[in-house]
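Trainee: Could we go through this one together? I'd like to start with the pockets and then move on to the packing.

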Amino acid sequence: MSPTPHKGNTVWYRAIVLLCAAAAVWGLGWSAWRIATEGVGVLGANNDVPWGWDIANFVFWIGLGHAGTLISAVLLITGKSWRGEIARHAELMTLCAVCTAAVFPLVHVGRAWMIWQVVPLPLVSGVWPRLGSALIWDAAAIGSYLLLSVLFWLTGMWGEAAPARLRPVWARCCLLMAALLTPLVVTVHSVVGCDFALTQRWHEAIIPPYFVCGALLSGMAAVQLIALFRRCSTLIISKLAYLTLGLSCAMGLLYGLELLRTPSKWDEEYALLFLLNVGLPALYFMPRLRESRLAATVISSGLLVGMWMERVHIVVRRSELLTDSSYTPSAVDIAMLIGSAGLFLALYLSISARMPTERLDPLQHTSAPCPTRPGIWASAGALTGATLCGLWAVLTQWADTAGTLGSHPHGWSFWWPVILVCTLLGGGLSTFLHFILCYRRA
């Protein structure tokens with residue numbers, strides 16, 4: 001059974017898109033105006049809880065976008081033929097989620113028109129950014145992830161319009177970009193976990209996998225809702241249920257390891273998180289529920305709520321316990337949450353209605369002889385990215401342009417995350433450039 005496409009020309013469909021767009025304009029526009037005119041004091045954050053719902057929403061949307069590209073990339077690498085029904089829409093979900101997440105740091109800055117001052121120009125900021133900072137890793141990884149996700153999405157669509165003799169090149173370029181995106185997905189949310197580890201004084205190796213697993217679990221729940229919305233076959237629903245169950249079991253293991261170290265963390269809120277993120281998906285152990293659309297809808301919706309609550313628990317609740325304080329979200333925080341959901345839905349619904357359905361599978365063309373060597377281009381681009389990042393680090397990380405560095409920055413062991421990201425970015429850009437050059441010649 002092939003998925004039934006949802007046409008965007010019906011009255012109810014347009015009404016839903018307009019309603020979501022109105023929610024985005026009201027929630028994000030009104031909140032941005034208040035923050036820009038009155039300052040960040042309109043948020044619920046305070047001296048004891050400096051990070052509130054805004055950062056929790058940012059982490060949630062970044063995590064939601066993880067599974068979209070990852071499920072498409074991993075299923076392509078492993079040769080799963082059933083990926084075609086959901087892969088392209090999962091990739092679109094990634095783009096919409098990351099664009100939604102990008103709104104929060106822009107709005108949180110306050111005067112967004114001054115955002116250019118964070119660019120690493122010594123004449124503006126007074127000092128070069130330090131590559132030993134997890135915030136630098138975060139910006140580099142998320143920016144690279146968004147760019148390569150867009151190129152991966154475009155390569156899949158443009159390749160279907162290419163001549164038949166170019167399809168082996170297209171198939172290998174898709175595989176190379178999928179192989180580059182997979183480690184980048186893990187890198188993105190690992191550095192997000194490092195941000196919290198540095199600011200909240202956590203020093204445990206469990207933090208990066210804890211964040212990565214939670215992000216993939218929430219993203220997988222969203223992908224399953226998209227499959228239900230597109231009326232995909234029962235096979236797709238069942239396969240996604242297996243993946244969700246596996247990630248939920250891994251999340252339960254991480255919860256258990258955390259409780260073994262600090263049993264005092266168990267309270268009513270933690271029990272609710274365990275119920276939504278582990279107990280509810282455990283229903284997929286029943287074969288009938290794995291194929292039930294109603295069960296998949298309830299479980300996926302509960303997972304999204306549970307993972308959002310977990311992000312709030314990490315950002316807000318642990319700050320409250322650390323400082324013995326309290327936090328109350330303001331009207332602006334609530335409006336930002338509603339507006340972000342409206343923006344995500346408006347973007348996805350408006351683009352997916354006009355996006356062509358995947359007709360060709362790159363896996364069918366990998367066995368054909370390839371007239372070019374995309375792997376050489378990818379290797380050259382990766383080497384170029386690593387070299388440029390290394391040179392940039394050598395030339396700037398020892399420069400005290402404003403006299404503000406009290407000591408020399410850390411060495412290469414603290415620079416490798418950014419160099420790794422630049423290596424993956426260079427390989428992906430060169431692979432896409434190779435495909436575009438071959439496409440134009442053909």
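Trainee: What classes of residue make up the lining of the second largest pocket?

Mentor: Keeping in mind that this is a predicted model, the lining of the second largest pocket has 23 nonpolar and 3 polar residues, and no charged residues.

Trainee: How much space lies in the second largest pocket, and which residues lie nearest its centre?

Mentor: The second largest pocket holds about 610 Å³ of space, and of the 26 residues that line it, Ala222, Leu225, Leu304, Phe344 and Leu345 lie nearest the centre. The elements that give two or more residues to this lining are α1 (11-38), α2 (53-64), α8 (207-229), α12 (293-323) and α13 (331-352).

Trainee: And which element gives the most to that lining?

Mentor: That is α13, which gives 7 residues to the lining of the second largest pocket.

Trainee: Changing topic, how many residues are in the largest nonpolar core, and which have the most contacts inside it?

Mentor: The largest nonpolar core has 123 residues, and those with the most contacts inside it are Trp61, Leu64 and Leu184. The largest share of this core comes from α8, with 14 residues.

Trainee: Take Leu184, then: what does it touch, leaving out residues up to four places away in sequence?

Mentor: With those left out, Leu184 touches Ala141, Ser144, Tyr145 and Leu148, and it also touches Val421 and Leu424.

Trainee: On to the rings: how many aromatic pairs does the structure hold?

Mentor: The structure holds 9 aromatic pairs. One of them joins Trp26 and Trp30, whose ring centres are 6.2 Å apart and whose planes are at 5°, so the pair is stacked.

Trainee: Where do Trp26 and Trp30 lie?

Mentor: Both Trp26 and Trp30 lie in helix α1, where they are 4 residues apart, about one turn of the helix.

Trainee: Are Phe60 and Trp61 buried or exposed, and which residues form one aromatic cluster with them?

Mentor: Phe60 and Trp61 are both buried, and together with Phe344 they form one aromatic cluster. Phe344 is also one of the residues that lie nearest the centre of the second largest pocket, while Trp61 is among those with the most contacts inside the largest nonpolar core.

How values were computed: Residues numbered from 1 in each chain as written. Predicted model: local features only at pLDDT ≥ 70, side-chain atom pairs only at ≥ 80, totals over all residues. Heavy atoms only, no water. 1 Å grid on protein atoms, 1.4 Å probe; cavity = no way out; pocket = protein on both sides within 12 Å on 5 of 7 lines; lining within 4 Å. Points joined across faces, edges and corners; volume = space filled by probe spheres on them. Nonpolar A, V, L, I, M, F, W, Y, C, P; charged D, E, K, R; others polar. Core = buried A, V, L, I, M, F, W, Y, C linked by side-chain atoms within 4.5 Å. Buried < 20%, exposed > 50% of the residue type's maximum accessible area, 1.4 Å probe, protein only. Contact = heavy atoms within 4.5 Å. Phe/Tyr/Trp six-rings, centres within 6.5 Å; stacked < 30°, edge-to-face > 60°.
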